[in-house]
Amino acid sequence: MAGKNDPHGTNRDIRRDFRAEIREFLGTRRARVTPEQAGLPVYGGDRRRVTGLRREEVALLAGISSEYYTRLERGDATGVSESVIEGIAQALRLDEAERMHLLDLLRGAGTARPPRRRPVQQRVRPAVQRVLDSMTGTPAFVLNGRGDILAANHIGRALFSPVYADPVRPPNNARFIFLDPRATEFFRDWDKVANDTVAMLRAEAGRDLYDRRLTDLIGELSTRSEDFRHRWAAHNVRIHTTGVKLLHHPVVGDLDLPYETFPLGADPSQFLLTYTAEPGSPSQDALNLLASWAATNEDIDKYASTSQDESADTTD
């Protein structure tokens, strides 16, 4: 954290934070793999102080010395080879997202660069907005790694009208999920959505631990949400490019919507998110109804805010 006289961390050793992240990430990964799972004999019985692997056991499985692995877990990332990283990834049973996260952290710990200057406002290219607007029957959005909704088409804003009801701009999925009490109703699989959101923020933090808006968001969520703090401490990372989102919209009811994400090559920090419904399904009927509702309600944000306030009044 930045000091009192250095609110933006301008003078701190930025590599120290990456080293702490490496230590905590590898420590949590060791804790989830037992010697039995790794095919190692167990010595010590009840006297064993750790439930997962010891550092020397990871080193043995990775084919490196215990001293070398200990230095690496403490954040000494100088000259780490691809074969060593691969050995550790196999020993700890890291998936592809976790392996990429470890690479990001090691890269950050081995790089001496100043923190970012004050970030500029992210903008969506007009051509991308035209693509969104052309998808009249498909809710579509452009988001960044923090979960900010940077752009949407009209039916997308209608679908996520509860998220847009927050006057803060740009609307942010993570802030809605953890700070808005209506999120547990909107996301029928809230626990999964919450876990996935934190895991994606973890991955984003590994790519750039000094994105000021990201650190501000994490700080806000950590301060205001115990649910977020608990999940953040787990150091889980995940990459989601496809799946099914289970929603309950305040106007059209339940929707089961498969989603796909597509990176925007010219804007590497942005991606396109689309939702569709199975043809002939109740979700397709609900999506058609939503499109009709959106077509007759231009000021969706105002409607969503008003309808949610009235709903809250009736439940008090």
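Which residues of helix α5 (residues 82–91) are buried? They are Val 84, Ile 85, Gly 87, Ile 88, Ala 89 and Ala 91, where buried means under 20% relative accessible area, exposed over 50% and partly exposed in between (1.4 Å probe, protein chains only). This is a predicted model, in which local features need pLDDT of at least 70, side-chain atom pairs count only at pLDDT 80 or more, and totals for chains, interfaces and linings use all residues. Residues are numbered from 1 along each chain as its sequence is written, and side-chain values use heavy atoms, with hydrogens and water left out.

**The whole chain**
- The protein chain has 16 helices and five strands; these are DSSP runs numbered from the N terminus (helices H or I, at least four residues; strands E, at least two).
- Buried residues make up 47% of the 316 in the protein chain.
- Among contacts (heavy atoms within 4.5 Å) with a separation of 6 or more, 57% join residues 24 or more positions apart.

- In helix α3 (residues 55–62), Glu 57, Val 58, Ala 59 and Ala 62 are buried.
- Gly 63 follows α3 and has a positive phi, near 75°.

**Around Ser 292**
- Ser 292 lies in helix α15 (residues 282–295).
- Ser 292 is partly exposed because its relative accessible area is 44%.
- Ser 292 and Ile 155 are 137 residues apart along the chain, and their C-alpha atoms are separated by 9.1 Å.
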